[in-house]
Amino acid sequence: MDAVSNGNQTREVKGEILSLGFLAGRLCLFESKISVPDHEATYVDDPAAEIERFERQVANVIGELERTCASLRDISFDAEADIVQTHIYLLKDPQFRQGVRRQILDNGLTAQKAADKVLGRIMSTLEESGTWLTERTLDFQDILNRLESELFEQESAFIESLQHISLHPVIVTHELLPSLVLEARRLKECAFVVEKGTTTSHAAILAKSFGFPVVRVDSLVEVGAAAGRDVLVDAIHGCVIFNPSAQQVDKVRDLAHGAPVARPKSSLVNLWINITDPIQVRPEVLLRLEGVGLYRTEVLFMASKGDFPSEDEQYRVYRRLFETCKRTPVTFRTADIGGDKMLPYFSLGPQENPFLGLRAHRIYRFHPEIFITQVRALFKAVQSQTHLRVMYPMIEDIEELRFVQSLLSEAIDSLKSEGAEFRQEFLQGIMIEVPSAAWEIDELLKCVDFASVGTNDLLQYFLAADRNNSNLATDYYAQSPGFLKMLKSLVIAADRQGKPLSLCGEMATNRAFLPLLVGIGFKDISVDVHELDRVDKILSRLARSQCEELADACLHCRTSQEV
Ligand code: PEP
Ligand code: MG
């Protein structure tokens, strides 16, 4: 038996920091798959009740799929609707239903295990066939996923159970998902230990913005075996310590709390903050800032239960932000839904590549009301002193920009025709996060007042490397000479057009890249509110001339290795 499973010996597992911070607490496993005896999640006492539950959940999933199917047909997406329809047929198939019922009744399996077994059998037959049918396994997997999420409502129930334990929970889960992080907001404090995930994933970005430390370890086997034990998540040095001593906890705490930073604004760059919730903007922080450089408004939509937040709900949230910010500029990014930012109550239908599929304004082509409602709420909330900067995400080209601008005008016209009073002065900007926009930067800048480079997405689309895939950590590298040249070309174009350009991706919080970005010529940088002190500290040690020399050298490198 090793020290972890053995008992009280202190032991450390190294990992990668996905979100800074530290927490001493108790290890809680989220997924039953992590080192939990199989029988715990496999059998039920009351098979009849389980069958009833299964039927109810299947009916819910069918209802959801039928709604998706109808909305796809409405917009003439018949091929996509047909795919959804096959999922409905599968779920309605009496043989499948009967198979699951038998497994529950005869073997006392949970509905999820039973469905897993029945669909699993079909999937392996298809897989072994080695024909085109192999691809159909994905359909079954999708159904299984839907059923699982319906059957368990796992995340919500899990977090609820944690609310009753006194020690700070350290949640162990295979993959950090945005929905779980959002649920975790109900806890005062928590930390995560995961096996999959990257610093630029939206889940990690959310964890950062809520102040939840996250460490990624290579394997959860050891960690899982320590469930229920005391643990220190040290997302400052990058490790997880089991049975930590009081001195170890104190040492990390002292380091984390450090000397309070009370510096004047940096002279090298203007610092802005990225937020996901107006609650994160504290008046004393505003004094050191240029403004809010990125308000990820879609998080409000992701956190909403059951349906889209109404115009009135949105209005109240935005108004709070403007009241706090007073004259400090606020960059309000219109909702960037899609990709890994799914809404539990709004299905986009099956998509093989969600990051290349319906995202942001692509959704508004079919559902303009989402955008229009948001903009109406926004303009109603604006205060007389507000410096509003409206920013559109994922803009690919002029057509897309014109399209969202026309929707914005529509929203404004609707307010005017109602006689609503609101302030119409605002700046419009775009995010540069799709390579096509970088190629069209001059033309795009002519149509807007400012732009902000979203390196998280720009890098993923530039290198065709998923920002969420930790196996691609060495492929998703911002030190790619081509990428640095692209950034430099954006700075030059913005100068040429006389338009302000900022950078709001996670790259700016990396101590290795920050000097390079200063040297490349970025004058405005927006970082997560929790990273502010650290970034400020790094900036205070930099000299512009050295940053420029560094950038010059890097821009002449031929390989990432050289950079
Ligand atoms: C980005 O892509 O760099 C960005 C800031 O937007 P998000 O991380 O929300 O996709
Ligand atoms: Mg982005």
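1. Which element gives the largest share of the shell around ligand 1? The answer is H20, which contributes three residues. Helices (H or I, at least four residues) and strands (E, at least two) are DSSP runs, numbered from the N terminus.

2. This is a predicted model, in which local features need pLDDT of at least 70 and side-chain atom pairs count only at pLDDT 80 or more, while totals for chains, interfaces and linings use all residues. Residues are numbered from 1 along each chain as its sequence is written, chains are lettered from A and ligands numbered from 1 in the order in which they are written, and side-chain values use heavy atoms, with hydrogens and water left out.

3. The shell around ligand 1 holds 16 residues, of which His202, Arg296, Arg333, Asn456 and Arg467 come nearest. A residue is counted as near if one of its heavy atoms lies within 4 Å of the molecule. Helix H9 (202-210), strand E10 (291-296) and helix H20 (455-463) each supply at least two residues of this shell. By class, the shell has four nonpolar, five polar and seven charged residues. Here Ala, Val, Leu, Ile, Met, Phe, Trp, Tyr, Cys and Pro count as nonpolar, Asp, Glu, Lys and Arg as charged, and the others, Gly among them, as polar.

4. Polar contacts to the ligand (pairs of N or O atoms within 3.5 Å) deserve a separate remark. The side chain of Arg333 has an N or O atom 2.8 Å from an oxygen atom of ligand 1. For Asp457, a polar side-chain atom lies 2.9 Å from a ligand oxygen, and for Glu433 the distance is 3.0 Å. The protein covers 100% of the 290 Å² of accessible area that ligand 1 has on its own, by the Shrake-Rupley method with a 1.4 Å probe.

5. Ligand 1 sits in the largest cavity, meaning that more than half of its atoms lie within 2 Å of the grid points. A cavity is a set of points, on a 1 Å grid over the protein atoms alone, where a 1.4 Å probe fits but cannot get out; lining residues have an atom within 4 Å of a point. The largest cavity has about 80 Å³ of space. Among its 16 lining residues, Arg296, Arg333, Met431, Glu433 and Asn456 are the closest to the centre. The lining divides into three nonpolar, five polar and eight charged residues.

6. The second largest cavity has a volume of about 40 Å³. Its lining includes His202, Arg296 and Lys341. H9 and helix H13 (298-303) each supply at least two of the lining residues.

Methods:
A polar contact is a pair of N or O atoms within 3.5 Å; within protein, one must be able to donate a hydrogen and the other to accept it, and residues adjacent in sequence count only if both atoms are side-chain atoms. On a 1 Å grid over the protein atoms alone, a cavity is a set of points where a 1.4 Å probe fits but cannot get out, and a pocket is an open set with protein on both sides within 12 Å along at least five of seven lines; lining residues have an atom within 4 Å of a point. Grid points are joined across faces, edges and corners, and a volume is the space filled by probe spheres set on the points.
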